[in-house]
Amino acid sequence: MAAEVRSEDELGKKWDRCLADTIVKMGGGLAVGVVFSVFLFKRRPWPVAFGTGVGLGMGYSNCQHDFRSPNLLHGTFVKKIEKGEK
Amino acid sequence: MWRASRRVPSKIKCLGQGRPTSGRPQHPCRNYAEEGADKSAKAAQARLQAVGTLPTETSSGGVAKTVLTATLAVGAGVGGLTVYAKTSPEFRKTLEGNVPYAREYLRAVLDRGPKMPDLGLGGVVDKAKGMVGMGKKKEEQPGSFLPKLSQSKSDEEEKQRKAAADTAAQAIAYGVDQPYPAEARESSPTPPVKYIPTYERGKEKDEESSSIAVSVGTDEPMPVAAKEPSAAHRESAVKAPAKEKKPVGVEKPEVTAAAAIAASMDEPMPPESKSEPKAKKAEEKPATKKKAMKEKAEDTAAAAVAAGMDLPMPAKAMTTSGEGVPKKHTSKEENLVETPEDTAAAAVAAALDQPFATEARETPMRTPEEVQAKLLEKEIDDLAERAATVAIIQHELEDLKRTATSAIHAQEEAAHATKMHSEQIKHAMDEDSSGPLGKEEQWQAVTGAKEAKVDALKLAEASATAARENLEKARAVIKEGKSSLSEPDQEILVAEEELGKLAYELETAVGKVSKAQADAQVMQEYQDLVEQGRKQFKKELESIMPDVRLGGWRGKLSEDELNSLIAHAHRRIEQLQSQLAEQQLLEKSRMDDALARQRTEDEKEALALLKRELERQKQELALAQDLRIAQARDQYETEMRTQLRRQAAAHSEHLQDVLRVQEQELGSKHQTEMHDALMDERDRYQVKLNEAMARLRGVEAAIEGRADIEREARKAQELLIACETLKRLINTGNEEATSWEERRVPLSREVNTVKEAAGDSKFFQTLLDSVPPQAMEAGVFPEDSLRQRFLRVKRVCRRVAMIDETGGTLFQFFVSYLQSLLLVDAGRRSLPPGKEVDPKKLDTFTLLSYAEHSLENGDLEQAARFMNQLKGEPRKVASDWLEEARLTLEARQAAQALAAAAAAVGLGTLV
């Protein structure tokens, strides 16, 4: 971690993370829905919506969880460099 | 045309490039990007254009062409002329004469490289040698050659480039000293003129003079040819373009000496020559001759002395004249050897009026060897003088002898002739004894004899005068010799003796002649008398018989004439008889008179003879006496010399001893004095040194004290500066930063500087320690940055104002956000002065508001305090900011304290 996260930016970051996560989940859900819709449900729209909704919900839930317990730390995977810097 | 089709000339601007130049048709710019597209069309267009604009193109190129052509032509012309000038010198000359600057140009172009040294000097020298016919003395040639060479160098290059023989011929003509090359080479053994220094030149002279001395000593007549060129050679050597360092004045006596020698050489050679008898000249000659002789004699004397001293002196004068004095002797006593040379050369130089400083003469302190050398010198001098005089005298004597003998011969001849003449007269006078020979012939014989007599007399007279003159000369020389020398030499006395003898002989011969002349005179008188008588008789006869002439009998005489003649004859006879008787008587008396006269004359003659004899005897006695005196003197002289030498040696030894003792005494005295003086000096020096040292120490102390103060002051200044720097840094941060985030600068360096500047002070150490380490490492935000940051923090805080530490749901977040939107920031609230703030009434928004306000006023501390009151999520959000603010505040506090302290210290040092 080159630069520390400032406390005022922490929330922002949280929100970013949250949003990103939500979008990802939504996208995932969408994708699953699409897949389901295409392959299983004969191109009906509802799996897509459903999947998206699921994604949204998951994201929201995550966000909330994150915001509720702010003292939990999030770790990231860092590539190991030769010099041993984290 | 072809060019146009290829490219557009650069001069012509194409359309589209800047402003088109007026009056010139433009080409369309070739756009190479479009080339591929419509190349052919463009090309065609360009070609058309080109065709249309051909004349202008050529006209502009034409100027260049003309210029080029002209240049080429001129260059060709010049080049051709140069080449021709190189080949033909006359042409070159004309060029140089007529064209300005042609010479310099041609010189620069044609004459390259160094000419002079490569002219083939060796070849020239060989030529010169060949021309003169000399195989040796190579080193002389360049010596005399070079000046001529430098002169010819300044000539035109034409001459240079011509045969080197010209310069060689020039040089030979007047450079080399060879006026009589061939003769001198063959005859004279002496080497030609060399450029030698003065000292050696004297030696060279000795060589020549010694050669002459050889000739003189051994009485060998040297060939005329050799002597003449040598003398002339000498004169030419004198006249030659001299590179010698001798003064001119020296050359004159040389010339006179040479002339004298030459003259003296010339004299004995033609013995019959009649030299002008001038006594003055006679005296001059001996003088100069003596000097010249002296030189030669000195060498012989020196050689004799050296030989007498058993020194291995090479036979320089006695044998060949080839080996000259310049040869160095390898004897032990070198100074002794050199002094003869020195003296010889010195005497020569003295004769030539040149100051010659030999070492032997100049040293004040003489060693016994030197004393001996001096004595030797004197001896040699004496001997030389004597030898010289003797030689001269002998020479003169020989001259005299010759002239005297010749004179005597002449006198005898004259006497004989006179006698002959008188006899002839007598014979002629005698009428009876004529015989078959006619009177005429007799009288002719008489006249012949008379003429012979006259001639002989003249000759005798001349020779007598010559002999007498020589006699005088010799006498003068002897006199001079006797007077100049300290004691007369034996040889001189002998010479004197000879002189006397010769004089005597001469006088006797002259006497004989005079006697003969007297006889002749008597005869002459007799003849005259007879003649007179005859004339008388003739007259009488003529008076009586005028027709009859004696000896002219023509035919027969008449009786009367005969009778008268007989009568006259008788009368005459009687008269004559009486006369005869008278005469007889007279004769008797006259005879007596004559006898008496004769007696007196005889007496006189006898007296004269006696006198002469006496003179001779006297002379002989005197000579013997002188001889004896000379011998005795020699003896005494030698003895005295030896004694003097002994005394001199003893004296020098004594002197040496005395001097040694004195030296020691003086030395010791000097030592003590020196020592004392040295001690004094040292003490004085020590005192001064101490003084100086004390002063120096005082100065040092003062300086050090001052230095301490200075140091303290400097330290304080440094400290102050460092603290100020720290403070400033804390206040301003990194000025080059673009955003507030980067304006952090680690304080460690400045803090370290302050630490260093502070030194040992505990106070400062404590203060420095109070600076938070994080500030040191990471740095501290300046207030401006914090202020800027605060805006964001405030915004975020406002948005999460409703959420507490435990976190919140998204909905709460959303609501809080809504609240923040709805709550309007009514401006920055300021704390009412003096009023206290109730912490319970503070909520996020007010706090933020207060904080902002205080920040605006620059009160970070207050802002931090307010921020510290935040709770819940806003607190978390603002925690970093707060931390930073705290750091900043701490650092600032520390820095301010430090600065204050430093200022205090600094102020203290100012005093």
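Biologist: Where in chain A of this predicted model is L40(A) found, and why is L40(A) called exposed?

Modeller: L40(A) is found in helix α1 of chain A, which covers residues 7–40. Its relative accessible area is 53%, and since exposed means over 50%, L40(A) is called exposed.

Biologist: What makes L40(A) part of a nonpolar patch, and which residues form that patch?

Modeller: The patch on the surface is formed by L30(A), V32(A), V34(A), V35(A), F36(A), V38(A), F39(A) and L40(A), which together have about 700 Å² of accessible area. A patch residue needs over 30% relative accessible area, and L40(A) has 53%; nonpolar side chains, Leu among them, are then joined within 5 Å.

Biologist: What does the secondary structure of chain A come to, and how much of chain A is buried?

Modeller: Chain A comes to two helices and zero strands, and buried residues, meaning those under 20% relative accessible area, make up 24% of its 86 residues. Chain A exposes about 6700 Å², of which carbon and sulfur atoms supply 66%. Among its contacts between residues at least 6 apart in sequence, 59% join residues at least 24 apart.

Biologist: What makes phi of R43(A) worth a remark, and why is R43(A) called exposed?

Modeller: Phi of R43(A) is near 60 degrees, a positive value in a residue other than glycine. Most residues other than glycine have a negative phi. R43(A) has its place in the loop between α1 and α2 (46–68) of chain A, and its relative accessible area of 67% is set against a cut-off of over 50%, so R43(A) counts as exposed.

Biologist: Which phi value does Y101(B) have, and how do you know that Y101(B) is exposed?

Modeller: Y101(B), although not a glycine, has a positive phi of about 65 degrees, and its place is in the loop between α4 (89–98) and α5 of chain B. With a relative accessible area of 70% against the cut-off of over 50%, the conclusion is that Y101(B) is exposed.

Biologist: How do you know that the buried residues of α5(B) line one face of the helix?

Modeller: The buried residues of helix α5 (residues 102–110) of chain B are A102(B), L106(B) and L110(B). Seen down the axis of α5(B), these buried residues fall within an arc of 35 degrees, and therefore they line one face of the helix. The face turned away from the buried side of α5(B) carries the exposed residues E104(B) and A108(B).

Biologist: How many residues are in contact between chain A and chain B, and what area do the two chains bury between them?

Modeller: Counting contact as heavy atoms within 4.5 Å, 14 residues of chain A are in contact with 23 residues of chain B. The two chains bury about 1500 Å² between them, with 55% of it on carbon and sulfur atoms. Across this interface the rule finds zero salt bridges, whereas the structure holds 29 salt bridges over all chains.

Biologist: What makes the pair K374(B) and E377(B) a salt bridge?

Modeller: The closest N and O atoms of K374(B) and E377(B) are 3.7 Å apart, and the rule asks for a distance within 4 Å, so the pair forms a salt bridge. Both residues are buried, and both lie in helix α17 (residues 368–429) of chain B, three residues apart, about one turn of the helix. An α-helix has 3.6 residues a turn, so residues three or four places apart point the same way.

Key: Residues numbered from 1 in each chain as written. Chains lettered and ligands numbered in written order. Predicted model: local features only at pLDDT ≥ 70, side-chain atom pairs only at ≥ 80, totals over all residues. Heavy atoms only, no water. Patch = residues over 30% accessible without salt bridge, like charges linked within 9 Å, V, L, I, M, F, W, Y side chains within 5 Å. Areas by Shrake-Rupley, 256 points an atom, 1.4 Å probe, with all protein chains shown as cover. Salt bridge = Lys/Arg side-chain N within 4 Å of Asp/Glu carboxyl O. Helix = DSSP H or I, 4+ residues; strand = E, 2+ residues; numbered from the N terminus. Buried < 20%, exposed > 50% of the residue type's maximum accessible area, 1.4 Å probe, protein only. Arc of directions from axis to C-beta. Buried area = accessible area lost by both parts, 1.4 Å probe.
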